[in-house]
Amino acid sequence: MKRTLALGGVAAGLLASAAIAAPAQADQIPSVNLANTNFAAQQVAAFWFGEAKANLINATPYAVETTVPTKHVSTGGVSASDKAGTVGSSGDQKAATGNLKNVNLPKTTGKVFFIGADHKPHWCSATSVQGQYKNLVATAGHCVYDTESNAATLDKWVFIPGYYEGKTPWGIYVGKTAYTHYDYSVYEDGDRDYAFVTVYNGVLPTEGGTSAGEYASEVYPTKLEAWKAKRKLEGDKSTVGSRLRIVEASKLSRFGQPSPVTVAEFQAWNKGKDLTGKGPWAWGTSASEPAVVQKKDYKQDKDSYISEDGKTLFWRVRKDNKPGDWKPGDHKPGDWKPGDHKPGDWKPGDHKPGDWKPGNQGPVEYNYFSRTFTAKVVKGYQVVGKKFSIGLKDVGTLGSNVGGQGLAYNQKIGTGIFEFGYPSGSHPDGNYAFTGKTQKWAYGKTFKASAASLKAEELVGIKSSFTGEGSIGSAWLYRYSNTKRLGYLNGVTIAVSDTDGNSRIDTNVSPYFDGETLAVYKQAAANWSGKIV
């Protein structure tokens, strides 16, 4: 989230410097509401559950600030601001080593889904973190804050632990409030590119799930009445997420005057009837006699179509199908019996190449027609669109369902780290090593790194082949227990890099988690979210 600060004079410059240098305090930890009411959260859940989860399934990895040049830093760089410490996870654990052949993947890892600046669905990796209310998610800052269009945050933000091809095994957790460091919120400082997000209790569809269907209201005489009806529908918790609009419409009435109507309106009043036929038509509606149309005026190569204004139906009939050519009963039972054609009646070779050529039967010829429709109508306004019907059930807090990782800060450089996420995309040489569909892991020891394009001079890196957009937000876990599947969050992947120039990703980088990271975490962890249903 980029903001422009207007400061003047030496005093202002000193004030700005002091604000940056000072440890993060509660009033310096920006928070932004993602879905600050139950109704708003229900709408978000309906959006992702609706239409057979099409938005989840069609989401693509987030491609903002992903593959960037980074370098190792041998002198200077990051250093601990205070003594090392940890905040406990949801279970005690003994550290695993980096030489494990089989790693038990954590339940806490999942994907965050949101709408990007391009108005399309995307995802990043993320993890559940232990907190007082068991409602906390950690990921990269730019997987929450919209650094591309400079809007405050990304839209319709949810976390789904264990997500796999449309499956939401522990439910969808709608984001409530996002917390980050002041330097990232104001200056987009890559050294602070992390975010902690409180989420509501998870939800799943009730029996019967979420459905969507085309909706059309009654016709209202005024646009104001239609608008009130639309607002009432959108405020109904059983239909949240509906995509509705107001259109002009016609209503059959004995007080109406015969007026031209659209083909769609006429068909709605005459359901199941052939509009090229002779009727009979519904009360108050009528169709003109078929008018002959010249071939040059028939605009499409289809057997029928509707004019651009929707009021004229065009169709065509083959000339070689004339009324009276055949009647039911011309062929009677017994006209042909098995055996009438005997072996030997025809042999291969009786028809020789050249006996028949395309064109012997000539081109297909048509007669072309059109007609219009009228009805006794009064004009008004109608609410139409797609109406979602949802049933949601509460499945409890995030931490109760999948647990939560602890937090580690001010750890020494050279510490062993397990990385968990959903890498996707190709190496620079075009090799697709990961699909982003399943959770993967990597292990490495931290070293000092920097990335000038991210305005990040105090990062940490690990050797990792995680590629592409999907790995952004991956959890870096210190002292990970292969038995408990828990450890201490000590970083989140914010970018990947090819540091040796061989066109293969070899390094992932994260902000260094220090005392100021701890302050942001504590501020987020102290806030309750609650239920949405």
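Strands β6 and β7 make a hairpin that has 6 residues between them, and within its turn Lys134 shows a positive phi of about 55°. The model is predicted, so local features need pLDDT of at least 70 and side-chain atom pairs count only at pLDDT 80 or more, whereas totals for chains, interfaces and linings use all residues. Residues are numbered from 1 along each chain as its sequence is written, and side-chain values use heavy atoms, with hydrogens and water left out.

**Exercise 1.** Work out which strands pair with β6, and in which sense.

*Solution.* Start from the terms: strands are DSSP runs of E with at least two residues, numbered from the N terminus, and two of them pair if DSSP finds at least two bridges between them. Next, take β5, which is joined to β6 by 7 bridges and runs antiparallel to it; here Lys111 stands opposite Ser125 in β6. Then turn to β7, which pairs with β6 in the antiparallel sense over 3 bridges, with Ala138 in β7 as the bridge partner of Thr127. Finally, strand β2 (residues 60-61) is joined to β6 by 2 bridges and runs parallel, and there Thr60 has His122 as its bridge partner.

**Exercise 2.** Decide whether the residues of β6 are buried or exposed.

*Solution.* Buried means under 20% relative accessible area, exposed over 50%, and partly exposed in between, with a 1.4 Å probe and protein chains only. In strand β6 (residues 121-129), 9 of the 9 residues are buried, so the strand is largely enclosed by the rest of the structure. Checking each face in turn, Pro121, Trp123, Ser125, Thr127 and Val129 are buried on one side, and His122, Cys124, Ala126 and Ser128 are buried on the other.

**Exercise 3.** Describe the surroundings of Thr139.

*Solution.* Thr139 lies in strand β7 (residues 136-140), and its relative accessible area of 0% makes it buried. Its side chain reaches the backbone oxygen of Ser125 at 2.8 Å. Counting contacts as heavy atoms within 4.5 Å, and leaving out residues up to four places away in sequence, Thr139 touches residues including Cys124, Ser125, Ala126, Trp157 and Tyr194.

**Exercise 4.** Find where the model calls for caution.

*Solution.* pLDDT is the predictor's confidence in each residue, from 0 to 100, and the chain averages 84, with 79% of the residues scoring at least 70. Over residues 1-24, however, pLDDT stays under 50, and over residues 321-333 it is below 50. Where pLDDT is low, the predicted coordinates should not be read in detail.

Note on methods
Helices (H or I, at least four residues) and strands (E, at least two) are DSSP runs, numbered from the N terminus. A polar contact is a pair of N or O atoms within 3.5 Å; within protein, one must be able to donate a hydrogen and the other to accept it, and residues adjacent in sequence count only if both atoms are side-chain atoms.
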